[in-house]
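Here is a set of questions and answers on a structure, to be read alongside its sequence and coordinates.

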Amino acid sequence: MNLNNILGEIEKTDPEVYDRLDTRRKAMKEFANLGGKLALSAVPFALGSLFQKAYAGTTSTNDTVVEILNYALTLEFLEAEFYNTSLMKSNLFPDGDSIAAIQLIAKHENAHVVFLSNAIKASGGMPVAKPTFDFSAGSGSGNGPFKDVFTSFELFLNVAQTFEDTGVRAYKGRAAEIVGGGDLLTAALRIHSVEARHAAKIRIMRRAYGSGIGNVKPWITGKMSNINSAAVQPSYNGEDNTNQAGIDIVNINGFPITMDAATEAFDEGLTKAQVLAIVGPFIKP
Amino acid sequence: MSKRLVETNQAEADDKNMARLSRRKFLGYASAATGLMVAASACNKEPVMVDNTVTSINGEVDLGTGDFGILNYAYALEQLEAAFYIKVVMSMYPGGSPMEAALIKDVRDHEIAHREFFKNALGGMAIPALDFDFSSINFSSRTSVLATSKAFEDLGVSAYNGAGRLLKSPDYLVLAGKIVSVEARHAAYFRELIMMNSFADDSVVDAMGLDVTRKPMEVLAIAGTYIKTKINASNLPTY
């Protein structure tokens with residue numbers, strides 16, 4: 001068993017794993033000390049407790065807030081650079097209206113980066129550095145499934161929709177951790193609804209420019225991306241939920257609410273692990 | 001026993017109010033009950049809404065306190081939106097595309113789903129059905145309907161954004177979050193129908209990239225134009 005490999009795998013979904021473990025050296029030493037004394041079957045449990053210590057021990061309330069803000073900042077970096085890059089391409093946009101739409105969205109994403117960076121500093125934390133992005137979703141190879149994203153407007157809108165819908169789900173997925181969070185929670189909610197406005201606009205654009213598969217609407221129907229790519233499906237899985245807090249929404253109280261309407265009426269959250277798995281290919285390791 | 005409108009004389013009204021007061025006290029709503037006590041002493045021969053839930057005196061509906069108060073506040077706004085779109089769809093204005101008509105039907109269904117969700121989630125704590133006054137809206141005019149739709153959706157977004165911090169339960173906060181982003185999608189849609197690229201313009205998103213937010217009292221002052229039933233929001237948590 002190679003602990004380096006295990007840590008490497010975990011690092012893919014949690015880049016801060018080494019910070020949590022203090023240092024790789026200390027983690028290795030701690031594990032080696034344990035490993036010598038344990039039967040092989042006990043190793044997974046020892047590993048589990050090692051990580052439990054790393055993940056449970058560090059979370060004071062403020063650490064949680066800073067961690068969530070840095071998580072949000074990473075997503076805003078992704079969106080901001082995506083739109084900033086697109087606006088530098090001379091042959092991507094079909095007309096002035098589409099440029100104006102993306103300029104407005106870019107303005108918001110850049111403002112979110114500034115706002116979150118300041119909020120992190122104000123909370124006594126350190127803003128994460130902007131990752132190196134690969135918008136082809138090739139994990140740094142530049143040769144992923146979306147390699148034509150800045151030459152094909154259709155592909156550009158597909159990726160934009162996926163980013164916006166994922167952004168909405170990402171903020172929602174962590175709201176519960178900052179319940180009662182005062183101004184900071186309000187700010188997060190205010191960013192969250194801006195992302196939803198963006199998502200609706202991109203969806204309207206996809207419909208208008210004929211790039212949507214099927215009946216793409218400003219809202220999410222079932223778990224449909226209306227995008228011809230299996231790569232984006234993780235951003236939509238779970239959106240087909242029709243039960244909220246134990247209450248079935250389909251035909252609720254005798255009103256003819258269809259399955260589609262029931263799923264559209266509520267956007268669902270994504271966990272941190274789900275979001276990191278989705279954005280992973282867009283980040284150069 | 002479900003909701004029933006009954007005419008009563010002074011004594012009967014007082015008896016029923018006292019019965020409700022003791023039930024509210026039993027439920028631990030002592031501070032709300034104090035407010036009702038004052039209202040009850042001024043009670044006249046107005047019809048009284050009698051049901052098993054939070055009820056009204058002189059037609060006034062008390063949203064209540066704490067998380068239930070905030071949920072009732074959201075329930076009131078969803079009632080307003082649902083009632084409006086039901087009317088819109090029943091007398092669909094001319095001049096819109098078939099897709100527009102279909103999507104407005106979607107919006108109606110979303111708002112009914114939200115309304116009924118809150119009703120069921122609140123159970124015995126739910127406020128009764130409210131009465132609305134849409135006389136200022138011209139339902140046969142696309143311009144009038146879209147302007148009102150945009151106003152209601154932006155108002156809804158600002159209401160949820162402003163109320164989220166008042167919720168104590170993480171579960172309710174997440175549910176409010178699941179709804180507010182759908183309201184924001186609606187808002188963007190209506191804004192685009194009215195004017196290209198107004199989906200998140202500077203009238204709703206500030207220089208920091210933050211969407212509009214309002215406190216419950218601010219929201220109710222605006223919504224009050226369309227709500228006939230008098231709403232008492234004085235027991236809601238504040239910030």
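Q: How many helices and strands are there in chain B, and in what order do the elements run?
A: This is a predicted model, in which local features need pLDDT of at least 70, side-chain atom pairs count only at pLDDT 80 or more, and totals for chains, interfaces and linings use all residues. Residues are numbered from 1 along each chain as its sequence is written, while chains are lettered from A and ligands numbered from 1 in the order in which they are written. Taking DSSP runs numbered from the N terminus, with helices as H or I of at least four residues and strands as E of at least two, chain B has seven helices and five strands. From the N terminus on, these elements run β-α-α-β-β-β-α-α-α-α-α-β.

Q: Is helix α3 of chain B largely enclosed or largely open?
A: Helix α3(B), residues 66-90, has 25 residues and reaches 36 Å from its first C-alpha to its last, close to the 36 Å expected at 1.5 Å a residue, where the expected span is 1.5 Å times one less than the number of residues. A residue is buried if 20 or more other C-beta atoms, placed from the backbone, lie within 10 Å of its own, exposed if 12 or fewer, and partly exposed in between. Since 19 of the 25 residues of α3(B) are buried, the helix is largely enclosed by the rest of the structure.

Q: Which helix supplies the largest share of the side of chain B that touches chain A?
A: Counting residues as in contact if their C-beta atoms, placed from the backbone, lie within 7 Å, the contact takes 45 residues from chain B and 51 residues from chain A. On the chain B side, α4 (98-122), α5 (142-163) and α6 (170-194) each supply at least two residues. The largest share, 17 residues, comes from α6(B).

Q: Is Asn226(A) buried or exposed?
A: Asn226(A) lies in the loop between α8 (182-208) and β1 (243-244) of chain A, and has a positive phi of about 55° although it is not a glycine. With 20 C-beta neighbours inside 10 Å, Asn226(A) counts as buried.

Q: What is the phi of Asn253(A)?
A: Asn253(A) is found in the loop between β2 (247-248) and α9 (259-264) of chain A, where it is partly exposed, with 13 other C-beta atoms within 10 Å. Although Asn253(A) is not a glycine, its phi is positive, at about 50°.

How values were computed
Contact = placed C-beta atoms within 7 Å.
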